[in-house]
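Subject: A structure to look through

Hello,

Here is the structure I promised to pass on. Please open it and keep it in view while you read my notes below.

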Amino acid sequence: LNPENHNIRIFSNLKAGNFENCSEKSARENLPASIGNFIGRKVEMQRIVELLVKERKRVLTISGKAGIGKTTVAVEAARYMHRRGVFKDGVIFLRLNNQRDMSAEILAELIAEGLRLPVPCRRICFSLVKQLRKKDILFVMDGFDGIVFKEDQKISILKFIQQMLVDCASLKLLVSSTLPVGLEAGGIEEADFMLAGINDWDISNLFITLSRGKVTRRTAGLEDKNFINEKDIAVAISKHKLITEFFRK
């Protein structure tokens, strides 16, 4: 990566797999609580941040099959960027999965609630777009494909989101969905990042962490003479297909 000078700090720790906080709390955020030790996905995290920050993508969809970890990766990537002050006006999480009878107005209410913005009951979409025009902000739209739309409302919702993108130059969207959702407008193209299954090395480290020290040389199939460190245990565990297939699912 060769980020611009003002973004060097964003990438330096990420390349080393360091996701810890390195800045003071400032801008608004309502992300779900951290899962604690975030294991693996370093390459995926790096690419997502690169797409949004270095390549300046306005709409990025993390796609993939259900249960593969799209929400977790999206949230942790957003948290990483928030802690480094990438979006000066904050990061807002919108849980859209299983939202029933969704409409453009309801979506606008959810956004306003997340931002704690006062909006009038009438023309709420217009009012919200007006307030967002100068905001440098990231919306994490989780489970977009799980929205239960009102009849004939899908088109109006997409038009509302497209209007936000066109009128609010510093607004960016990080979306999780099984498939790309077609959020393109005014020359703004949706970028798709397909999330694959976790690799064997990360599965091994996950197993070690969850076992909380219960993995021994014997259970990992290692002899005293060739035991060096935790990496050797991870290598041995990765050879146990039952373990790797269990965590892959």
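Start with helix α4. This helix has twelve residues. From its first C-alpha to its last, α4 reaches 17 Å. That is close to the 16 Å expected at 1.5 Å a residue. Bear in mind that the model is predicted.

Which residues of α4 are buried? They are A104, L107, A108, I111, A112, G114 and L115. Now look down the axis of α4. The buried residues fall within an arc of 160 degrees, so they line one face of the helix.

What covers these buried residues? The cover includes two strands, β2 (91-95) and β3 (137-142). It also includes helices α5 (124-132) and α6.

Next, take the pairing of α4 with α6. Two packed helices are described by the angle between their axes and the distance between the axes. Here α4 covers residues 104-115 and α6 covers residues 154-167. Their axes come within 8 Å. They cross at roughly 45 degrees. Angles from 65 to 115 degrees would count as roughly perpendicular, and angles under 35 as roughly parallel. The two helices are therefore oblique to each other.

Which residues meet there? From α4, they are A104, L107, A108 and I111. From α6, they are S156, I157, F160, I161 and M164. Eight residues of this contact are nonpolar, one is polar and none is charged. Note that A104, L107, A108 and I111 are also among the buried residues of α4.

Is H82 buried or exposed? Buried means under 20% relative accessible area. H82 has 12% relative accessibility, so it counts as buried. Leave aside its neighbours within four places in sequence. H82 is then in contact with A27, R28, E29 and V91.

Last, step back to the whole protein. It has nine helices and five strands. Along the sequence, they follow the pattern α-α-β-α-β-α-α-β-α-β-β-α-α-α. The protein has 249 residues, and 46% of them count as buried. Now consider contacts between residues at least 6 apart in sequence. Of these, 76% join residues at least 24 apart.

Best wishes

Conventions
Residues numbered from 1 in each chain as written. Predicted model: local features only at pLDDT ≥ 70, side-chain atom pairs only at ≥ 80, totals over all residues. Heavy atoms only, no water. Axes fitted to C-alpha atoms, helices over the stretch in contact; angles between N-to-C directions. Helix = DSSP H or I, 4+ residues; strand = E, 2+ residues; numbered from the N terminus. Parallel < 35°, antiparallel > 145°, perpendicular 65-115°, else oblique. Contact = heavy atoms within 4.5 Å. Nonpolar A, V, L, I, M, F, W, Y, C, P; charged D, E, K, R; others polar. Expected span 1.5 Å × (residues − 1). Buried < 20%, exposed > 50% of the residue type's maximum accessible area, 1.4 Å probe, protein only. Arc of directions from axis to C-beta.
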